[in-house]
Amino acid sequence: MRVDGRDVAGSPGAGQCLRTFLREAGATEVKKGCDSGDCGACSVLVDGSPVHSCITPAQRAVGREVTTAAGLADGEGLHPVQEALVDHFGFQCGFCTPGMAVTASALTPEQLADLPRAMRGNLCRCTGYRPVEQAIRHGICGSDGGCGGCVRGLARAADASPAAEAGAEGVGSSASPAPARRVVQGREPFTLDEPPTDLAYLAVVGSPHPHARVLGVDATAALALDGVLAVLTHEDVPDALFSTARHEHREDDPDDTRVIDSVMRFVGQRVAVVVAENQRIADRAAALVAVEYEVLPAVLDPELARSPGATVIHPDRTVEDRVADASRNVVAATHEGGDVDEALAASAVTTSGTWRTARVTHAQLETHASMAWVAEDGRLTVRTSSQVPFLVRDELARILGRPRDSVRVLTARVGGGFGGKQEMFTEDVTALATLAVGRPVVYEMTREEEFVRTSVRHPFRVSVRAGADADGRLTALGVDVLSDTGAYGNHAIGVMFHGCSESMAVYRAPVKRLDAEAVYTTTVPSGAFRGYGLGQVIFAIESALDDLALQLDMDPFEMRRLNAVRPGDPLVVAGHTEDDLIFGSYGLDQCLDLAQDALAGPDDVPAPAGWAVGEGMATSMIATVPPRGHQASASVALHPDGSVSVGVGTAEFGNGSVTVHAQIVATVLGVARSRVTVAHGDTDATSYDTGAFGSTGITVAGKAVHAACETLRDALLAAGARALGVDASGCALTPEGVASTKDAAPWATVIDLLDPAHRRGDAAWADSGLDQRVRSVAFNVQAFRVAVRAETGEVRILRSVHAADAGVVMNPEQCRGQIEGGVAQGIGSSLYEEVLIGESGEVLNPAFRQYRVPQMADVPLTHVMFADTSDELGPLGAKSMSESPYNPVAPALANAIRRATGVRPHELPMSRDRVWRLLA
């Protein structure tokens, strides 16, 4: 076959799909997202027609012309769709983008009238689709839809964003990401796109039981298979307890996990791993491993798990392992605050209810994957898809008993995370395998493994009791939380406490009470997920506040204005105040006004006749940094030619941090952004970084970059002043050097005059280190107008608005994209998404075609507005804005459904069948 105009030799193997054949031939722009034809990341053209290469037999392409995203470009010129994707910020992580561009390139102008149907085979988890849709329309017909050619195009064009600003450089501009042109062609490397030679492959043998003891593993048949290199069991790995969760303080999570355990606690847990010459042999050998089990009682219900007589899942864990009460399967617990009964009895209105949220998978399109090898310098090197390379390095060194500096962990561009890659799911076993077989090893999870062998969003049961006086002021707020952490306690403690923290602290009430427990069950582990527990608790509290407003016939926006905290108020959870939280700025009042005004606008989608219509809103608050410290370091080097090299530890996974870091450099040092190169996500790139979670890519890592730039700027101005014989106050940085009003000194001259502390070789250099412990707060307000069809339970969003308190918005289009993506993900978990658990503890729907990730047709336009604030803690006044847009979406939708129908939903997702049952 011919691929992108070149002849490709070799014959496909029996049954081989086109995707694997193309990647083996070096076409790494073809990505793997599902291997079942559900996501479109692998899309290519075969004789001009788009196909999903993961379900297309490679044999069918023999003798035909195959075009990948790289082949769409004509030399240096991109295909019009690819050019539009660059200009319209049509990607975030970019993993789906090559496939999206390929499919869109084959569309005709006529297909734009129903573009969501034409693109239904391509998923994007990051963007919320608005910029993707605008880019496709522009690439195909030269218009964003405002020409009147299609109704949906008109609706989207009403709030259309400008294209990337030509020549945009510094903070405050919508600067396009530096690798954008490579991303849309699939040429920007992701984790597995640059494999080492002599690579071996890993497959996992998973437990069929939710709870069992392994009595024996017979690998004889597997080892006899030609091409099998090793089979590892619990007897072959270090007997070290750890947590897959990664935090700055490893003591934040219980030590309850082993690389391979002799006791299985969920269906799919590792029993053994096989290493072989290729993936097909590894998978065949894994099926030949025979395991003898002693089946133990399963515990699937979190309420039963903590009840007397329940099977104890981790009987050997103690308080020293950071497990609160293993005898009751309780990982974490808190009981604090006052007695709300008396306050509720004296209230003018009261409400109570119990709300439940479901398991949700992260659905990032790049699955967890790692490659490990021993480098020429003898160091164990792991290239992985992770948000936390430094924390992974430190824990790998601990498990393996190696010095920390003998381990290097690095990331390429990461294909989405959403908290799911704040874990160590592949790196440990890949590292052990490479040490066992003495050659590089790769472990790339399948999509099914993502569902059954990683983590999901914690399912919560939240009971709320609340009261208010006749004027609407809260008199009492009582919250009771039960969190199901699944088989292991990764993130159990943090998610429970964080979920209850800002969700309660955002409101003033004279009496508050919190009772919360997180418990083990023998189900797939829960873990970090966008919002980190806040979304679950906010769903319940914001619904309860809406009930109070309805009873009082009070505007729900006014209810929040009356009760929300303001600067000067203590931020009280229940029995304690969050002393490390401050009001670095305050924009909630603006957000409420902006959202209320925007909601009054016209419908973007017309309400069908006979459907019930209602409006709902919700508020959320989030800390801008995780508690108890988050560290980052950065280095900045300016070279004699005026180029700048930046080293920073945080990872780039669609959060846009690398672009903003370059904008910070351009702003402070006065250089063109195109002259800035950022090395990131590598434990060799800088001294340390806690990681890209808690929306810290800008508020912590960006602050470290800013501090290093300021130090370097001051040193350069001082040296330039010496060279020019003037005072530094009369000098300025230019792209060529340091200038005064009368003269200029080139960079080479200035660098020569720097003191040794600010030189590295022939470059000017400065670094910074930051341990951010004081935290500010950010606010989000989401509002919807919906229509509900009682006969079917269908919910249609007519208008969606979101107001965000993001401080100084460093890159408006990137930030808007983060908000749109968060709202889209929130709509998914509110209306569609649920990981289902069967009677035997197994995941029932471990594939995208059984699990509803929102498609383009499912996501409405969201009108995004920003409060005008500047935060005293963030770099140049910025706040975090990656996680928080997700949090108020579910209660805002639930409140709109309640006001449309008169019936309140109490369970997520609010799928058609559930809404229909409520109304029936």
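Reply:

The largest pocket holds about 1,300 Å³ of space. On a 1 Å grid over the protein atoms alone, a pocket is an open set of points with protein on both sides within 12 Å along at least five of seven lines, whereas a cavity is a set where a 1.4 Å probe fits but cannot get out; lining residues have an atom within 4 Å of a point. Grid points are joined across faces, edges and corners, and a volume is the space filled by probe spheres set on the points.

This is a predicted model, in which local features need pLDDT of at least 70 and side-chain atom pairs count only at pLDDT 80 or more, while totals for chains, interfaces and linings use all residues. Residues are numbered from 1 along each chain as its sequence is written, and side-chain values use heavy atoms, with hydrogens and water left out.

The largest pocket is lined by 42 residues, and Arg-19, Lys-32, Gln-279, Asp-283 and Glu-444 lie nearest its centre. By class, this lining has 18 nonpolar, 12 polar and 12 charged residues (Ala, Val, Leu, Ile, Met, Phe, Trp, Tyr, Cys and Pro count as nonpolar, Asp, Glu, Lys and Arg as charged, and the others, Gly among them, as polar).

The largest cavity contains about 260 Å³, and Thr-244, Thr-257, Phe-266, Arg-270 and Phe-425 lie nearest its centre among 20 lining residues. The second largest cavity has about 100 Å³; its lining divides into 4 nonpolar, 2 polar and 7 charged residues.
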